[in-house]
Amino acid sequence: MTMFKKTSILILLLALVAGCGNAVKHTVSTEHYRLKPHTVALLPVVWKGDAKEAEKNEVSLVFNDMVAEKVRSLGYAVTVVDEDDARAADAATTPPAELARRFGAETVMYSSITGWDTDQLVTYAALTLRARFNLYSANGSELWKAEHTSKKSDLRLDRRPMEIAIIDAWEPKVQRFIDIVFATLPRSETPASAQERYFDWLP
């Protein structure tokens with residue numbers, strides 16, 4: 001067996017081990033099941049981890065789109081809040097209840113990327129992603145929260161530059177990450193009148 005084959009087998013084993021994800025840490029409050037929210041104001045993802053600025057911009061666009069699509073697939077009516085509106089509302093410091101009223105939703109969802117790291121070794125490319133999500137009601141109570149860390153790895157034997165391999169590979173890894181996390185969010189039951197239910201929630 002050549003040294004290259006031995007190295008490739010070792011890297012493959014490491015990749016399989018590294019690719020095993022941990023369970024999603026999450027909590028669903030009893031308030032969620034009582035209120036049964038349907039409308040969500042989705043705030044843009046906030047970075048709390050290190051990454052290149054250009055990479056942050058590209059990842060943020062895709063991440064926000066994937067989260068919005070996933071939440072919609074669970075039966076929620078989603079209002080996507082863009083960066084400009086989030087800044088105008090001072091979303092980082094404004095209480096969730098005020099944001100919900102501002103954007104006309106029953107709930108507000110926060111997303112944070114707390115870790116983003118790419119590893120490059122000869123024929124091995126890996127992405128480590130850590131993120132946190134919080135869903136608050138229009139009365140300020142936390143309905144759901146989830147936090148997850150995942151390291152996904154690929155064995156590349158085509159000798160392409162690792163930068164290219166990672167760019168080609170990170171989108172499906174992020175999608176799988178989001179699918180796993182949002183499997184812990186209860187589905188929404190479409191109400192007869194979401195607007196009436198929203199005003200019933202107002203203090």
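A salt bridge is a side-chain nitrogen of Lys or Arg within 4 Å of a carboxyl oxygen of Asp or Glu. This is a predicted model, in which local features need pLDDT of at least 70 and side-chain atom pairs count only at pLDDT 80 or more, while totals for chains, interfaces and linings use all residues. Residues are numbered from 1 along each chain as its sequence is written, and side-chain values use heavy atoms, with hydrogens and water left out.

The structure holds four salt bridges. In one of them, Asp179 pairs with Lys70, with 3.4 Å between the closest N and O atoms. This pair links distant parts of the chain, since Asp179 belongs to helix α6 and Lys70 to helix α3, 109 residues apart (helices are DSSP runs of H or I, at least four residues, and strands are runs of E, at least two, numbered from the N terminus). Asp179 is partly exposed, at 30% relative accessible area, and Lys70 is partly exposed at 21%; buried means under 20%, exposed over 50% and partly exposed in between, for a 1.4 Å probe and protein chains only.

Leaving aside neighbours within four places in sequence, Phe182 is in contact (heavy atoms within 4.5 Å) with residues including Lys70, Met109 and Trp144.
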